Amino acid sequence: MSGRRLGSTTGMSESGLTVAVTGPTGTFGAGLMPLLQRDDRIAKIVGIARRPFDPSSRGWTKMEYRRGDVRDPAALSDALNAADVVVHLAFLIVGGSAQSTRSINVDGTLNVFEASVASGAKRFVYSSSVAAYGFHRDNPVGMTETWPTRPANRLFYAREKAEIEELLHDASSRHPELEVYLLRPPVVLGPNAVGAKALLPGPLGPLGRPLQTRLRRSPLPLPVVVPDIPIQFIHEDDVGDALLQCIVGAGPSGAYNIAGDGVLSAVDVVRELGFWPLPLPGRPARALARRLAQLPYLPSFAQWVEAISQPAIMDTTRARTQLGWTPRYTGLEALQATIRG
Ligand SMILES: NC(=O)c1ccc[n+]([C@@H]2O[C@H](COP(=O)([O-])OP(=O)(O)OC[C@H]3O[C@@H](n4cnc5c(N)ncnc54)[C@H](OP(=O)(O)O)[C@@H]3O)[C@@H](O)[C@H]2O)c1
């Protein structure tokens, strides 16, 4: 522990924090790091992820980067050693076998939590997801944080997000000295939306570039059948700002829904992407998605079909009133920034 004093969760200003970030090279890192870099309250950043990375290539001069894996407690202990605040972003969203995603996502998160406790850090900030609510038929539109998080039926990612929240809740009750902040964003967009993810999974990967070229050359918008379902987005910079508010303890610990203003339809998304949308009405589209999600032997990327089986729309009042967070971008602006990027 660095010996620097932290304020309480009342929004007191703090100075000279050492912030350790797992997975800083992905989408969330792109939104957060520039804010930490220019914030005087942050003295030092320690980043840890698996691949080689030079922070100076992005102008992140406060960052000391270490290669390491969240499955390796020794590497975590070393990287988190002097942290006042730990931000846990390392995760496998697409790709990987069931075994490897679970060991990175579930076991890795618990490893990072345990290493944070051992280091004497005062705050643990973790990015959960709207997916933690599952895609249950009784989920209301406009879920608040009082609505329960429940494992989805099929999608591995959503199941793990719900399970991790439960595990963190238990771990946190054993270690009340570590304040736990959870953010629940929807899909994050912006110029770095791809982050550390592969664009198309596995064997579909090589199709990515020819598909883009074909689209660019097409004289007319190509027709695409798209389910007419509501969807929220958030810009990576607004995620970065919400993470920063948690890092400095601008509001009480706990879970916060965050999303850009406005609810779009998948039809809007397809139109913005330059296609000609042929809308499939919401109810049959959701029923079809639910059936497809029940098929046996679904590879992990195909399990994402469950995400359209029920609208996942959140209310973000708590983040605005208690964390003092306000998004700068609407969902549509976040989408447009991605397309431009
Ligand atoms: N992006 C979204 O739309 C979205 C929406 C809601 C919630 N979230 C959540 O937000 C968090 C961050 O997402 P993101 O979009 O920034 O992810 P991302 O772009 O895929 O980046 C993942 C980061 O984790 C690192 N990482 C992966 N496996 C690791 C391991 N075993 N050990 C150490 N580092 C590892 C990656 O670097 P290396 O590959 O080099 O290790 C990279 O820095 C995740 O928990 C995600 O579920 C994301």
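**Reading the model, feature by feature**

Tutor: Let us begin with a loop residue: tyrosine 297 is placed in the loop between helix H8 (282-293) and helix H9 (317-322). Please bear in mind throughout that this is a predicted model.

Student: What is the phi of tyrosine 297?

Tutor: The general idea comes before the case. Most residues other than glycine have a negative phi. Tyrosine 297 has a positive phi, near 55 degrees, although tyrosine 297 is a residue other than glycine. Tyrosine 297 is also exposed, with 5 other C-beta atoms within 10 Å.

Student: Which residue just after H6 takes a positive phi?

Tutor: That residue is glycine 249, with a phi of about 65 degrees.

Student: How should I read the chain as a whole, and how many helices and strands does the protein chain have?

Tutor: The protein chain has 10 helices and 13 strands. Of its 341 residues, 46% are buried. Among contacts with a separation of 6 or more, 79% join residues 24 or more positions apart.

Student: Which residues have the most contacts inside the largest nonpolar core?

Tutor: The general idea is a simple one. In soluble globular proteins, nonpolar side chains tend to be buried together. Here the largest nonpolar core has 93 residues, and Val19, Ala242 and Leu243 have the most contacts inside it. This core lies between domain 1 (17-191 + 233-260 + 313-327) and domain 2 (204-229 + 265-308), because both domains give residues to it. As for leucine 243, its contacts are Leu32, Val87, Val125 and Leu183, leaving aside neighbours within four places in sequence.

Student: What covers the buried residues of H1?

Tutor: Their cover includes strand E1 (17-22), strand E2 (42-49), strand E5 (123-127), E7 and H6. The buried residues of H1 are Thr27, Phe28, Gly29, Ala30, Gly31, Leu32, Met33 and Leu36.

Student: How many residues surround the ligand, and which are the closest?

Tutor: The ligand is surrounded by 29 residues, and Gly23, Gly26, Arg50, Arg51 and Gly195 are the closest. Helix H1 (27-38), helix H3 (98-119) and strand E7 (187-189) each supply at least two residues of the shell. H1 gives the largest share, three residues. By class, the shell has 14 nonpolar, 10 polar and five charged residues.

Student: Is aspartate 69 in a loop or a helix, and which residues does aspartate 69 touch?

Tutor: Aspartate 69 is in the loop between strand E3 (63-67) and helix H2 (73-80). Not counting residues up to four places away in sequence, aspartate 69 touches Arg50 and Ala75. Aspartate 69 is partly exposed, with 17 other C-beta atoms within 10 Å.

Student: Why does histidine 88 count as buried?

Tutor: The approach is to count neighbours: 20 or more other C-beta atoms within 10 Å make a residue buried. Histidine 88 has 25 C-beta neighbours inside 10 Å and therefore counts as buried. Histidine 88 belongs to strand E4 (residues 85-88). Beyond four places in sequence, its contacts are Thr22, Thr109, Val112, Phe124 and Tyr126. Histidine 88 and valine 21 are 67 residues apart in sequence, yet their C-alpha atoms are 5.9 Å apart in space.

Student: Is alanine 162 buried or exposed?

Tutor: Alanine 162 counts as buried, with 20 C-beta neighbours inside 10 Å. Alanine 162 lies in helix H4 (residues 156-174). Apart from neighbours within four places in sequence, alanine 162 is in contact with Ala132, Gly134, Thr149, Arg150 and Pro151.

Note on methods:
Residues numbered from 1 in each chain as written. Predicted model: local features only at pLDDT ≥ 70, side-chain atom pairs only at ≥ 80, totals over all residues. Core = buried A, V, L, I, M, F, W, Y, C linked by C-beta atoms within 7 Å. Buried ≥ 20, exposed ≤ 12 C-beta atoms within 10 Å, placed from the backbone. Domains from an automatic or database assignment. Contact = placed C-beta atoms within 7 Å. Near = placed C-beta within 6 Å. Helix = DSSP H or I, 4+ residues; strand = E, 2+ residues; numbered from the N terminus. Nonpolar A, V, L, I, M, F, W, Y, C, P; charged D, E, K, R; others polar.
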